[in-house]
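Dear colleague,

Please find the structure below, handed over for your study. A short account of the findings follows it.

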Amino acid sequence: LDRGALIEDVDVNDGTRNIIFNRTQDAETAAESDATIEVLNGTYNESITVETNGLTLEAADGAEPTIDISADSRANIPADNVTVNGFSVVFEGQAAYIRGDNVTIENSTFELESGTTSTGYALRYEGLTSDGEVRNNEFVGITNDQSGEFGNGVIIAGPDGHEVVENTFDGNSIGVNVGSQQPAGELLVSDNTFTSQDDFAVALN
């Protein structure tokens, strides 16, 4: 198989089976708590909503899957204890809106669709979330050419145990944008590389 989203050891009537779905969203819908979905090579034109707590969504061994998100959509992660690992994400407005606690995004690349600009973000951890982790990702070219408008790599709307570590931010308007939607908690921004941000590497609001 050259594409698809795999869940191993799914309980069926006569035992367990490995099941491959054409869409990552279909796999997420079928997954139980704490399941792992392995995504094969290919481009997936969809925006997934993760509502399964404890889900790991990751590239299969040796695979480099691409998630292509349209201008009027975004991925949503309201579930807790979710890990997303190993994707190339192409988007126009917003890539992923996170409302769950302990959500980790790692080893992925986020960049705008060719020829577009954004006043949005690659990742937004909404206020009242906690313990999110953004690790070893690349955020490339998330910019806007309108005066007073910004494209953001990562927005932490209200820090509370969040970590942004070991990422590369290259050619964005703002690399990390920190808001104040809840009383300030702990935030670690460490060991990141910022190159040619148009406005700020880290903005504190």
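A cavity is a set of points, on a 1 Å grid over the protein atoms alone, where a 1.4 Å probe fits but cannot get out; its lining residues have an atom within 4 Å of a point. Grid points are joined across faces, edges and corners, and a volume is the space filled by probe spheres set on the points. This is a predicted model, in which local features need pLDDT of at least 70 and side-chain atom pairs count only at pLDDT 80 or more, while totals for chains, interfaces and linings use all residues. Residues are numbered from 1 along each chain as its sequence is written, and side-chain values use heavy atoms, with hydrogens and water left out.

**The cavity.** There is one cavity of 30 Å³ or more, and the largest cavity holds about 220 Å³ of space. Its lining comprises 18 residues, with Ile 48, Ile 67, Ala 75, Val 84 and Val 89 nearest the centre. Two elements, strand 7 (75-77) and strand 10 (94-98), each give two or more residues to this lining; strands (E, at least two residues) are DSSP runs, numbered from the N terminus. By class, 15 lining residues are nonpolar, two are polar and one is charged. Here Ala, Val, Leu, Ile, Met, Phe, Trp, Tyr, Cys and Pro count as nonpolar, Asp, Glu, Lys and Arg as charged, and the others, Gly among them, as polar.

**Ile 77.** This residue belongs to strand 7. Ile 77 counts as buried because its relative accessibility is 5%, where buried means under 20% relative accessible area (1.4 Å probe, protein chains only). Although 21 residues separate Ile 77 from Ile 98 in sequence, their C-alpha atoms are 4.7 Å apart.

Seven strands form an open sheet in the order 4-6-9-12-15-18-21, with parallel pairing; two strands pair if DSSP finds at least two bridges between them. At the edges, strand 4 (43-44) and strand 21 (193-195) each pair on one side only. Strand 9 (residues 88-91) runs parallel to strand 12 (residues 109-112), and four bridges join them.

**Ser 173.** The loop between strand 18 (168-170) and strand 19 (174-178) contains Ser 173, which is buried at 0% relative accessibility. Its side chain reaches the backbone nitrogen of Asn 144 at 3.4 Å, and a polar atom of that side chain lies 3.1 Å from the backbone nitrogen of Gly 151.

Technical notes. On a 1 Å grid over the protein atoms alone, a cavity is a set of points where a 1.4 Å probe fits but cannot get out, and a pocket is an open set with protein on both sides within 12 Å along at least five of seven lines; lining residues have an atom within 4 Å of a point. Buried means under 20% relative accessible area, exposed over 50%, partly exposed in between (1.4 Å probe, protein chains only). A polar contact is a pair of N or O atoms within 3.5 Å; within protein, one must be able to donate a hydrogen and the other to accept it, and residues adjacent in sequence count only if both atoms are side-chain atoms.
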